[in-house]
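Colleague: I have a model open and some terms to clear up. Can you take me through them?

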Amino acid sequence: MTERQEARRRRILHASAQLARRGGFDAVQMREVADSSHVALGTLYRYFPSKVHLLVATMQDQLQHMHETLHKRPPEEMEAAARVAKTLMRAFRALQREPQLADAMVRALNFADRSVSPEVDTVSRLTTAIILDAMGLEGPATPEQLSAVRVIEHTWHSALITWLSGRASIAQVKIDIETVCRLIAVTAPAPEEEEGEEADEHG
């Protein structure tokens, strides 16, 4: 994108988020977004073919901001599982402060069909990056660790849905997140020293 196109896209995403904050999913109407961001309706549709595309992109934008904030203020817990749990609860509470916006973005994710796959994949990659950063790995993640990250991501998303629907309290969400984050310790590779000791014993 050119600088001008990027500025236009930022205005559109800002308008989308503002409308969602005020009235949730139903308040985000494409004509109102176009008017608020000072772009023609046809131009808006060239950037985002539907409201679902727009709101999934809005979630991508919100996660990017969270990721940047976490880089500036990373969690300080000693254990990787505790750092990830703390990070995800911080992200959850950020969404909790804006429940209408959170509901609009999550509903868009749930409504997304195959045409929105690239945007949904980007949201997933950002969530994965947030978790991996909090884990603080010294090298590439193993397949087992990536599997654990996917399960953690699914649980976080599910917890967000159950909280938004009033079927779970924040305390329950915290317990679920802390429980699933224990997979990080379970899937952590054994230290090389321990592997060497085990090899000596078997030898």
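Modeller: Start with helix α5 (residues 80-96) and helix α9 (residues 170-180), which pack at an angle of about 150° with their axes 10 Å apart. This is a predicted model: local features need pLDDT of at least 70, side-chain atom pairs count only at pLDDT 80 or more, and totals for chains, interfaces and linings use all residues. Residues are numbered from 1 along each chain as its sequence is written, and side-chain values use heavy atoms, with hydrogens and water left out.

Colleague: Why is α5 called roughly antiparallel to α9?

Modeller: Angles over 145 degrees count as roughly antiparallel. The angle here is about 150°, so α5 is roughly antiparallel to α9.

Colleague: What makes residues of α5 and α9 count as meeting?

Modeller: Contact means heavy atoms within 4.5 Å. A85, L88, M89, F92, R93 and Q96 in α5 meet I170, V173, K174, I177 and E178 in α9. They divide into seven nonpolar, one polar and three charged.

Colleague: Which residues of α9 are buried?

Modeller: Buried means under 20% relative accessible area, with a 1.4 Å probe and protein chains only. In α9, I170, V173, I177 and V180 are buried.

Colleague: How do you know that the buried residues line one face of α9?

Modeller: The arc is that of the directions from the helix axis to the C-beta atoms. The buried residues of α9 fall within an arc of 95°, so they line one face of the helix. They pack against α5, α8 (143-164) and α10 (183-186).

Colleague: How many residues of the chain are buried, as a percentage?

Modeller: Buried residues make up 41% of the 203 residues.

Methods:
Axes are lines fitted to C-alpha atoms, for helices over the stretch in contact, and angles run from 0 to 180 degrees between N-to-C directions. Helices (H or I, at least four residues) and strands (E, at least two) are DSSP runs, numbered from the N terminus. Angles under 35 degrees count as roughly parallel, over 145 as roughly antiparallel, 65 to 115 as roughly perpendicular and the rest as oblique. Ala, Val, Leu, Ile, Met, Phe, Trp, Tyr, Cys and Pro count as nonpolar, Asp, Glu, Lys and Arg as charged, and the others, Gly among them, as polar. Buried means under 20% relative accessible area, exposed over 50%, partly exposed in between (1.4 Å probe, protein chains only).
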